[in-house]
Amino acid sequence: MDNELPEGPRLAVTFDEATRTLSVSIAHDPHFPRIDAIWLRRRLEAEGHAELQIRPDPIKRLIAQYNGGESVAPIEIAHCVDATMQLLVSLDGLNARLTITPPRGGKPASKADLLALLESRGIVEGLQLEEINSAISAGRADELVIAVGREPEPGEDGWLECLLPESRERAPSIRPCGRTDYRDLGDILVVRTADPLMQRHPPQPGIDGVNVYGRPIVARYGRDARFAAGLRGTMISADDPDLLVAATDGQPLRVRGGVMVEPVFTVDAVNMTTGNIDFDGSVRVCKDVQAGMTVRATGDIEIGGVVEAATLDAGGSILVKNGVLGGLGGKTAGKDYSAHAIRCGGSFCATYAQQARITAGDSIFIDDLAMQCQLVAANHIRIGKRARGQILGGHCRASLSIHARTIGASNHIRTELEIGMDSGLEAALKEKAGARDALENRLLEIGKMLTFADRNPDRVTPEMIARAEQTASAISADIETLRGEEDDLNHRLALTRQARVNAERDMFEGSFVIMGDQKLRVPHDRGATTVRLEGHGLGVFALEDDSRFDEPERPAASAEKDTAH
C-alpha cells in the first residue's frame, strides 16, 4: 500500500515548532547496511513532511555516516519556508506585477500580507482585486498584473489646412502604383495679393494619466504646427494671426510648413532673340523652345508648344503641352545637341518625346509615344492616355513601375526597361534605425534611474522622478514616430521589390527587363504582359491588374508564365 513505510532502519523524526526545523536520527541496523536519498525522501513523505525545504548537505552527511556503519545522532535536515511575494513595477509606472512563490511547509501568502506589501511600496492606483483574490487563492503567481495605471492621452496636434486644394506640391508623391490617375498638371495656378492660402489650427491639451503610485503623468500637449520661416511671397493676415495670405501675385506652391507664392515669368517663345532663361520662380512659355536654348526655373516650367533639343531644368514639375524633340539622334543642322536634357524635381508630362533625355524626381507621363528616349523616374513611367502609348527603343528606368500600351515594335528593336532600384531608401532606413537606437538607449538609462528611485525612495526627490517620467514619455513618443517612419520606408522598399513592367496590348521580342542583377529578354512577341520578380528571377506573366499590388505582398503567380533564362 502507498501509505506503508518503506523497509529500512528505524528513523526517528522530530519537528521543532519554535525553530520550525526537522531533525532525524537513525540507529544503524545490520539488516539494512545502506540507505540512499530516495529511501529517505519516501520516509519523510510517509511522515507527512514532504513539503519542507530540504537541506542537501546535512542529508549527504547523514547518508555517508550511516553507510559507513554508524548510527546517526539527531541532525537538522529540513526547515519550513513561508511563501514569498515580489512586486515589479514597469519602467513607465503603468503596471505592477506580482510573483508568488508557494511555501515549503510554511505560511501561505495572504491577502493581508499582499495589501501590506502594496502599501509599503506606495502602490495605490488601479488595484485589480479580482486578480489579487485569484492569486491568493491559487497560492502562486508569475508576474501577474495586479495594478494598472491610466495612460495619458496626448493632445491633438495642431495642423495646417491648405485653402488651395489645387495647388501643386514641391515633394514627390509616393503612390503604390501608377494606375489611378494620369498626371495632368494643367495650367499654372495664379493667386492675387491678399488671397487666403493656409489656415493654422492650434494644438489641443491632452488628458493627464496616473501611475500605480497615484502620481500624475502629465499628458503631452499637442504638437504645435507653425508656418515655416521665410515663406516667400506670403504674409500673416492682419485680421487673423493664424491665416497665411499672399503678399504678391504669383503661383502658390505647397512646401513643408506652408505655401510659397512664386513669381511667374511669361514669355511668348524661347529662341535666339529672347536668349536663355534662368528665373527664380515659375516659367510659362506660350509657344516653342528652340534647339540649343536653356530654360531654368526654381519652380515649374510650362511649355505651350514644342521643345526642340534644348535644356529644361525645373525645381518643380515640367509640363509640355505638345512634345519633345531631343538631341540623342546625332547632329541637327550640323550641330550636336546630345548634351541637352530635361530634368525636374517633380513630375514630367508631355504628349510625345523623341530621342530625349528626361529625368524626373517623381514620375514621367507621356501620352502618345516615347521613341529612342532615355527616361529616368524616381517612381513611375506611364506611356499612354488617349493616344498610342508606345515605348519604342531607348532605355527607361523607374523604381516602382513602367506601364505602356505597347512596348517595343514588330521589327524587334532593342527596348530596355529597368525597375526596382532605389539605393537611397536603404540609406535612409539605416539613418532612422540609428536615431531610434540612440533614443532607446536614453530611455533605458532613464528606466534604470526610475528603478533605482523605486527601490530607494529616500534618495531621489519626487521632482526628479516626475521630470524623468515626463522625459521618458516624450522619448517614447519620438521612438514611436521613428518606428512609423521606418515602417513607411520599409513599405516603400518592399514596393520596389514588387516593381513591374506592364504592357496593356503588346510586348515585342527585343524588349529587355532589368531588375538589379536580374536580366530578362522577352523570348517572343506577346500580347498583354506583366514582367515582375518571381522566386529567384524575373518572370513573364499575362497582364496583371495593378490594383492588386497596392500593398507589398508578393502577388500570386499567373497560370500563364514563361520561364526566364
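These are my notebook entries on a predicted model of a protein, written as I looked things up.

**Entry 1: ground rules**

I number residues from 1 along each chain as its sequence is written. Because this is a predicted model, I keep local features only at pLDDT of at least 70 and side-chain atom pairs only at pLDDT 80 or more, while totals for chains, interfaces and linings use all residues, and side-chain values use heavy atoms, with hydrogens and water left out.

**Entry 2: the whole protein**

How many helices and strands does the protein have? I found six helices and 42 strands. Both are DSSP runs numbered from the N terminus: helices are H or I with at least four residues, and strands are E with at least two.

Next I looked up burial. Of the 565 residues, 44% count as buried. Buried means under 20% relative accessible area, exposed means over 50%, and partly exposed lies in between, with a 1.4 Å probe and protein chains only.

The accessible surface comes to about 28,600 Å², and 50% of that belongs to carbon and sulfur atoms. These areas come from the Shrake-Rupley method with a 1.4 Å probe; for residues, only the protein chains shown count as cover.

I also checked contacts, meaning heavy atoms within 4.5 Å. Among contacts with a separation of 6 or more, 52% are between residues 24 or more positions apart.

**Entry 3: salt bridges**

Side chains of opposite charge can pair when their charged atoms come close. My rule for a salt bridge is a side-chain nitrogen of Lys or Arg within 4 Å of a carboxyl oxygen of Asp or Glu. By this rule I get 30 salt bridges.

In one, aspartate 242 meets arginine 200 at 2.8 Å, N to O. Aspartate 242 sits in the loop between β13 (234-236) and β14 (243-246) and arginine 200 in strand β10 (residues 196-201), so the pair ties together parts 42 residues apart in sequence. Both aspartate 242 and arginine 200 are buried.

Another joins arginine 232 and glutamate 262 at 3.6 Å, N to O. This pair also links distant parts of the chain, 30 residues apart: arginine 232 is in the loop between β12 (216-217) and β13, and glutamate 262 is in strand β16 (residues 258-262). Are the two partners buried or partly exposed? Arginine 232 is partly exposed, with a relative accessible area of 29%, whereas glutamate 262 is buried at 1%.

Lysine 448 is partly exposed at 47% relative accessibility, and glutamate 445 is partly exposed at 48%. I also noted a network: salt bridges that share partners join Arg436, Asp437, Glu440, Glu480, Arg483 and Glu486.

**Entry 4: strand β27 and its partners**

Two strands pair if DSSP finds at least two bridges between them. Strand β27 (residues 348-354) runs parallel to strand β23 (residues 318-325), and six bridges join them. Here valine 320 has alanine 350 of β27 as its bridge partner.

β27 also pairs in the parallel sense with strand β29 (residues 364-366), over three bridges, and phenylalanine 348 is partnered there by isoleucine 364. Two bridges join β27 to strand β30 (residues 369-371), again parallel, with glutamine 354 opposite methionine 371.

I then looked up phenylalanine 348, which belongs to β27. Is phenylalanine 348 buried or exposed? Phenylalanine 348 counts as buried because its relative accessibility is 0%. Beyond neighbours within four places in sequence, its contacts include Ile318, Val320, Ile342 and Phe365. The C-alpha atoms of phenylalanine 348 and valine 320 are 8.0 Å apart, although 28 residues separate them along the chain.

**Entry 5: the largest pocket**

A pocket here is found on a 1 Å grid over the protein atoms alone: an open set of points with protein on both sides within 12 Å along at least five of seven lines, whose lining residues have an atom within 4 Å of a point. Grid points are joined across faces, edges and corners, and a volume is the space filled by probe spheres set on the points.

The largest pocket holds about 620 Å³ of space. Of its 24 lining residues, Pro152, Ala472, Ser473, Ala474 and Ser476 are the closest to its centre. Which helix gives the most to the lining? That is α6, with ten residues. Both α5 and α6 (462-497) supply at least two lining residues each.

Conventions
On a 1 Å grid over the protein atoms alone, a cavity is a set of points where a 1.4 Å probe fits but cannot get out, and a pocket is an open set with protein on both sides within 12 Å along at least five of seven lines; lining residues have an atom within 4 Å of a point.
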